[in-house]
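Biologist: Please show me the model, and then I will ask how its labels were assigned.

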Amino acid sequence: MSILSERIRQRREELGLSQEELARRMGYRSKSSINKIEKAVNDIPNIKLEEFARALETTTAYLMGITGPDAPCPPPGFEPLPQMVRVPLIGSIACGTPILAEQNIESYIGVPAAWHADFALTCHGDSMSPTIREGDIVCIRKQPQVEQGEIAAVRIGDEATLKHFHQQGDTVMLLADNAAVCPPMIYSGAQLEEIQIEGKAVGFCRGL
């Protein structure tokens with residue numbers, strides 16, 4: 001029996017699920033498919049691994065034996081993977097001139113659990129460069145307020161942007177790291193009614 005098949009069985013039993021119930025969560029017609037997987041008779045395609053993780057309310061790293069009480073110790077000089085969670089990748093966000101914020105979930109991505117992120121956004125533009133670059137995926141913790149100077153996802157009407165947030169009295173300033181590309185965005189008075197903080201940037205992912 002493989003680690004993967006054993007972890008699936010163990011996790012199913014921890015949740016109090018029968019093979020029939022897990023089969024329904026996975027969209028299988030009967031429990032026989034689950035039974036064969038738990039006995040390591042049938043292999044699981046990579047595309048199905050994430051579905052099993054969702055159905056069993058865990059992570060792919062746990063199911064594969066990378067994390068957990070019986071996970072192998074890493075060789076000297078290697079660091080173990082952090083505990084990961086999956087968050088929705090929601091549309092895009094501008095790092096220059098704000099663009100319309102898509103609300104559809106494009107996919108789910110794995111990010112460190114320690115970030116406590118609620119969703120992620122793909123950045124466009126270079127106004128936050130070099131801190132955040134074109135194509136970076138920024139993870140956001142949903143919260144209505146941030147500290148002075150923190151990077152926040154800010155909605156302005158039906159648009160959104162990623163900037164350093166500053167507020168002095170009834171004036172809000174959204175500042176870019178690259179002021180040559182994007183000058184300060186200043187809002188006051190009645191304009192403040194259009195501004196809403198979506199959350200705080202807590203981490204980002206960058207392709208090699």
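Biologist: What makes A117 a contact of I140?

Modeller: Contact means heavy atoms within 4.5 Å. Leaving aside neighbours within four places in sequence, I140 has such contacts with residues including A117, F119, L162 and V202. This is a predicted model, in which local features need pLDDT of at least 70, side-chain atom pairs count only at pLDDT 80 or more, and totals for chains, interfaces and linings use all residues. Residues are numbered from 1 along each chain as its sequence is written, and side-chain values use heavy atoms, with hydrogens and water left out.

Biologist: Why is F52 called buried?

Modeller: Buried means under 20% relative accessible area, exposed over 50%, and partly exposed in between (1.4 Å probe, protein chains only). F52 has 0% relative accessibility, so F52 counts as buried.

Biologist: Why is the pair of Y28 and F52 called tilted?

Modeller: Rings of Phe, Tyr and Trp (its six-membered ring) pair if their centres lie within 6.5 Å; planes under 30 degrees apart count as stacked, over 60 as edge-to-face and the rest as tilted. Here the centres are 6.5 Å apart and the planes are at 45°, so the pair is tilted. The structure holds one aromatic pair.

Biologist: What makes R7 a charge over the ring of Y62?

Modeller: The rule asks for NZ of Lys or CZ of Arg within 6 Å of the ring centre and within 35 degrees of the ring normal. The charged end of R7 is 4.2 Å from the centre of the Y62 ring and sits over that ring.
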